[in-house]
Each structure stands twice: as C-alpha cells, then as structure tokens.
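User: I'm new to this one and would like to go through it piece by piece. Can you put it up?
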Amino acid sequence: MSYIALRGRSVLFGSVLAGLLAAACGGAEAPVEAPSDVTEEELVSFHGVSARDIDTTLPEVDTIGYDVALVYRGEEARTVSGREIRTPVFTAEVTVSYVATQPLTSLTVDFKNPHLGRVAQGSRTLAFSQLDADHVKVELGRTVRAGTGLKLTFGYEVLSREIDERESEDGGLVVTPSLVYSASWPRKGRWWLPLRDSPRDGAMFAAKVTFPAEYTVVSNGVAKGTKDEASGAKTWSFELLSPTPTYGFFVGASKEWVRADARAASGVPMPSWVDKAHVSKRQAVLGDTPKALDFLEGTYGKFPFSQAGFVEAPTTWGGGGMEHATVVAIDPRTFGGDTEEAQSTAIHELCHHYSGDGVRIATWADFWMSEGFTEYLTLRSVEAVYGKARSDAAWAETIRNAKAQASLHALRPKNDAIDVREIFDGVAYVKGAWVLRVIENKVGRAAFDAFLKAWFAKHLYRAVTSDMLKTALEASFGKTWDTLFESAVYGTALPE
Ligand SMILES: [Zn+2]
C-alpha cells in the first residue's frame with residue numbers, strides 16, 4: 001500500500017501429486033506411489049497446483065487456498081441487533097484447503113461475521129462456536145494428523161451496511177452506487193472471509209463472483225471466463241495459483257470501468273480498469289508501468305505473478321493504492337490527482353509483487369520488509385523510467401521524511417504481534433528505503449542488485465524476517481551488520 005500522508009483444493013488422487021506433497025512436507029524427494037486406500041485428506045492441491053513449501057512453524061495449519069463463491073443480491077431487509085435495516089447482501093460459500101501442522105481436533109479461524117450458517121467437511125456438517133468477536137472455532141469431530149490435508153466449507157451472508165454500523169473504519173465489502181469493492185488490509189479480510197490472516201500464512205485464491213450483468217468484475221489472478229445465469233446475472237471466474245497474503249485478496253465490481261490492455265517486454269499482461277471519468281488520464285498515470293516492469297524483471301528477476309493489473313478503486317485510508325496481487329488498486333483521489341504522485345503510486349504497488357506479495361513478511365513487526373523494500377524498488381524504478389533528477393529529488397524527500405519520523409518507533413519493533421496500525425506511519429517506508437540505500441552504498445549497486453535478485457528468488461512465495469536479511473547479508477558480504485541492524489533496524493537511530 002502507499003502511505004498517502006507522505007505524498008500525498010480440489011482433491012486429486014494421482015500418485016505424482018502424492019509425491020509432490022510428500023516432497024513439500026519434507027518427505028521423500030522422488031515421487032512415491034499413493035496407497036490405494038489413501039483418504040482425500042492425505043493429498044492436497046488447489047485447482048491442480050500442489051501445496052508446496054508447507055510452513056510447519058504456523059500454529060494449527062498452513063492454509064493452501066481459498067475457493068470463494070460470492071453472490072451479490074442487492075439491497076434486502078435484514079434484522080440486525082433487533083432492528084430492521086436495508087442493506088446490500090452477499091451470499092458466500094467459501095471452501096478452504098489447509099495442511100495440519102500439528103494434530104488437530106478443532107480449528108480456529110479469523111472471522112468477524114455473525115452470520116455464519118454452516119461449516120462442513122464434505123457432506124459432514126461440523127459444530128462451531130463464536131470464541132469472541134473475531135474468531136470462530138470449528139470442531140472437526142476427529143483427530144487430523146499433522147501433515148495431512150483438511151478442507152472446510154463455510155456458508156454465510158455478508159451484510160455490507162451492518163459492517164458500516166459496527167466498525168469505525170470502512171472495510172470488508174463496501175458498496176457505493178456505482179462500485180463494490182473489498183477492503184482487507186490489514187485484518188479486515190476477516191470481515192468478509194473466514195481467514196487465517198497472519199501475513200505469514202499466504203494462500204492461493206480462486207473466486208466465482210456473481211453480479212448483475214451491468215457490472216464489470218475484477219479479482220485476483222487470471223480471468224477464467226464468464227457465465228450467464230438464468231437470473232440475468234453473470235458469474236465471473238478467477239484463479240490466482242501463487243500464494244499471496246490474505247490482506248491482498250480482492251473482489252471489485254463497477255458499472256463505470258473501462259478496460260485497456262498493455263504488456264511488459266517479457267509478455268506479462270498489464271490490463272487496467274479505469275473509471276470512465278479518468279480514461280483521459282490512463283496513459284499519463286499508467287503508460288510507463290510496462291517500462292518499470294521491464295526494469296524490475298531485468299534487475300530483480302522474473303515477475304512472480306501471472307498478470308500485473310491495475311484497477312481504480314478506493315482505499316480505506318484516503319488515497320494512495322493497495323497491492324492486491326495481480327490487480328493493484330489506485331484510489332480515484334490519487335488517480336485523478338497529481339500525475340507524478342499517481343505514477344509513483346502505480347509503480348510502488350507494482351513493486352510490491354516482489355516484496356510483500358511475492359516474498360511475504362513473517363510478522364507485522366517486519367512491516368518495513370514489505371514497505372521499505374517496495375519504496376526502495378520504487379525509487380530505483382523511478383530512476384530507470386523517469387531519470388536520475390526525479391529519483392534524486394525523491395530520495396532527498398525520503399531522507400528528509402525519515403529524519404523527521406525516525407524517533408517515532410524502531411524500524412522493526414520488538415513485539416512480533418504488534419498491531420500494524422500502531423506503526424502505520426512513514427517510518428517503514430522512508431527509513432526502510434533509506435536503510436537499503438545505505439546497504440547499497442556500502443556494497444555497491446551491482447552487488448546489491450544481485451543480492452536482491454537472489455533474495456527474491458530464494459524466498460519467493462515464503463515469508464521472511466529482518467533477522468533473515470541480516471544473516472543473508474553476512475553470508476553474501478562477509479562482514480558484520482550488527483551496528484546497522486542494532487541501531488537503525490531494531491532501534492530508532494538513522495542508518496549510516
Ligand atoms: Zn506499499
């Protein structure tokens with residue numbers, strides 16, 4: 001996301017997949033024959049893609065993928081807290097594939113929705129209870145062994161206006177007269193989806209989204225076609241088969257979007273959906289994004305997702321953008337505002353596909369590993385696309401802002417479980433970028449570019465910590481980074 005205040009499973013029974021899963025779980029390297037009596041829970045894939053890189057350090061489960069079916073019903077009357085209201089209503093059925101990381105008799109999901117009607121495992125209905133406002137505990141009715149798969153289906157409604165009334169901030173599924181969009185960062189995804197929403201627990205995402213035919217629907221991943229429903233509505237299908245943080249799950253629909261298509265030199269598709277009021281600004285804001293992607297791929301390696309799309313949709317923090325993998329959002333206020341600001345926002349969200357989306361953060365305390373890396377990549381891309389004079393000016397402002405804000409808190413606070421909103425200021429962005437520039441200056445640009453390229457490749461679709469970065473720097477450059485990390489990363493000092 002951009003910090004605006006600164007600048008403005010399907011189950012498969014094939015033996016090959018069994019082997020892949022065994023390898024992913026740290027078992028045999030060579031494919032093994034699946035026993036003929038294997039139960040479905042022993043094999044996990046999602047839309048034909050095997051679960052890989054199972055993170056056994058996650059509590060209870062590692063989530064593999066979310067299959068979301070969402071139907072927009074329009075406004076209906078509902079009784080909420082004893083009061084009848086009219087509200088946009090969505091019907092959701094979400095099937096989630098997990099791998100157990102420990103023996104399980106129950107599973108707790110992050111879900112802040114009082115309308116959960118049914119939880120099932122296949123045809124078996126499971127008991128569940130609301131642990132607190134934010135969590136639902138599902139009783140599995142048996143013990144699931146560590147390393148085996150589990151697939152649960154959740155059926156519920158989302159009442160958009162009820163979210164408005166219960167919460168102090170916008171989010172979940174937001175409905176305006178012409179636009180519907182999801183807002184999930186940082187933990188608002190649980191307002192509309194039953195998640196395991198640690199940034200560490202990335203997952204694949206597939207959606208079937210049904211809207212009245214006058215809407216255009218956009219979601220993460222590759223569009224898999226549309227289907228006309230008997231009701232006159234239309235169902236749009238999408239698949240994102242690379243894991244990404246749950247805060248980047250996105251569904252949007254508008255009656256006003258106009259689509260255009262572009263491509264990077266490598267062929268990565270770069271579609272954009274812009275409000276018809278801003279079509280005349282599309283070329284100015286997004287026209288250079290293919291050049292930015294050419295620079296990123298040439299310097300830091302192949303783009304890690306199937307598409308680099310842009311959609312004009314609001315953020316809930318008053319401008320900027322949000323890095324939903326494959327379909328980043330640019331807020332209309334930013335898209336229609338200062339052109340350089342909008343260009344930098346578009347490039348920033350594009351860069352997040354390397355840091356934040358492709359390589360995830362393990363904890364919210366490592367937020368700078370997403371935003372500081374992304375801001376560093378942004379300024380490098382700005383230099384490549386718009387020239388050194390513009391990037392020098394941007395670096396001067398970045399360093400000035402970092403000096404002004406550094407004392408607010410450590411770049412990487414000690415508390416792993418910190419609420420990211422407590423550190424959602426400029427520090428992660430500007431001081432984070434500056435720390436990386438200092439490292440670049442110490443080791444040289446070519447060496448640092450090679451280091452980052454190897455870093456992104458090694459940790460792609462996995463989660464990283466600040467300590468892992470320090471260890472990797474020591475391994476590559478053979479000198480101690482204690483002073484820089486103790487003072488400027490784990491402390492409030494300026495980098496030097
Ligand atoms: Zn960002």
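User: Let's start with strand 12. How many of the five residues of strand 12 are buried?
Analyst: This is a predicted model. In it, five of the five residues of strand 12 (residues 179–183) are buried, so the strand is largely enclosed by the rest of the structure.

User: Which residues point which way from strand 12?
Analyst: Leu-179, Tyr-181 and Ala-183 point one way, while Val-180 and Ser-182 point the other way. All of them are buried.

User: Which strand forms a hairpin with strand 12?
Analyst: Strand 11 does, with three residues between the two strands. Strand 11 covers residues 172–175 and runs antiparallel to strand 12, joined by four bridges. In that pairing, Val-175 has Val-180 of strand 12 as its bridge partner.

User: And how many bridges join strand 12 to strand 17?
Analyst: Three, and these strands also run antiparallel; strand 17 is residues 251–254. Leu-179 has its bridge partner there, Ser-254.

User: Switching to strand 3. What does it pair with?
Analyst: Strand 3 (residues 61–80) is joined by 18 bridges to strand 4 (residues 83–100), running antiparallel. Strand 3 also pairs with strand 13 (residues 203–212), this time in the parallel sense, over seven bridges.

User: Which residues are bridge partners there?
Analyst: Thr-63 has Tyr-98 in strand 4 as its partner. On the strand 13 side, Ala-69 is partnered with Lys-208.

User: What about the turn in the hairpin of strand 3 and strand 4?
Analyst: There are two residues between the strands, and Ser-81 takes a positive phi near 50°.

User: Are Met-1 and Glu-371 buried or exposed?
Analyst: Both are buried.

User: Next, the largest nonpolar core. Which members touch the most others?
Analyst: Phe-154, Leu-293, Phe-367, Trp-368 and Trp-455, out of 136 residues in that core. Helix 9 (residues 427–443) gives the most to this core, with 11 residues. Apart from it lies another core of nine residues, including Val-44 and Met-204.

User: What does Trp-368 touch?
Analyst: Leaving out residues up to four places away in sequence, its contacts include Phe-373, Leu-411, Arg-412, Ala-428 and Val-489.

User: Another topic: where does Glu-297 lie?
Analyst: Glu-297 lies in helix 4 (residues 289–300). Its relative accessible area is 14%, so Glu-297 counts as buried.

User: How does Glu-297 relate to Ser-266?
Analyst: They are 31 residues apart along the chain, and their C-alpha atoms are separated by 8.3 Å. The side chains of Glu-297 and Ser-266 make a polar contact at 2.4 Å. Beyond four places in sequence, Glu-297 also touches residues including Val-268, Phe-303 and Tyr-354.

User: Last one: is Thr-108 buried or exposed?
Analyst: Thr-108 is buried, because its relative accessibility is 17% and the cut-off for buried is under 20%. Thr-108 sits in strand 5 (residues 104–110). Leaving aside neighbours within four places in sequence, Thr-108 is in contact with Glu-60, Leu-131, His-135, Val-136, Lys-137 and Arg-196.

Technical notes: Residues numbered from 1 in each chain as written. Predicted model: local features only at pLDDT ≥ 70, side-chain atom pairs only at ≥ 80, totals over all residues. Heavy atoms only, no water. Core = buried A, V, L, I, M, F, W, Y, C linked by side-chain atoms within 4.5 Å. Buried < 20%, exposed > 50% of the residue type's maximum accessible area, 1.4 Å probe, protein only. Contact = heavy atoms within 4.5 Å. Pairing = 2+ DSSP bridges. Polar contact = N/O pair within 3.5 Å; in protein donor to acceptor, adjacent residues only side chain to side chain.
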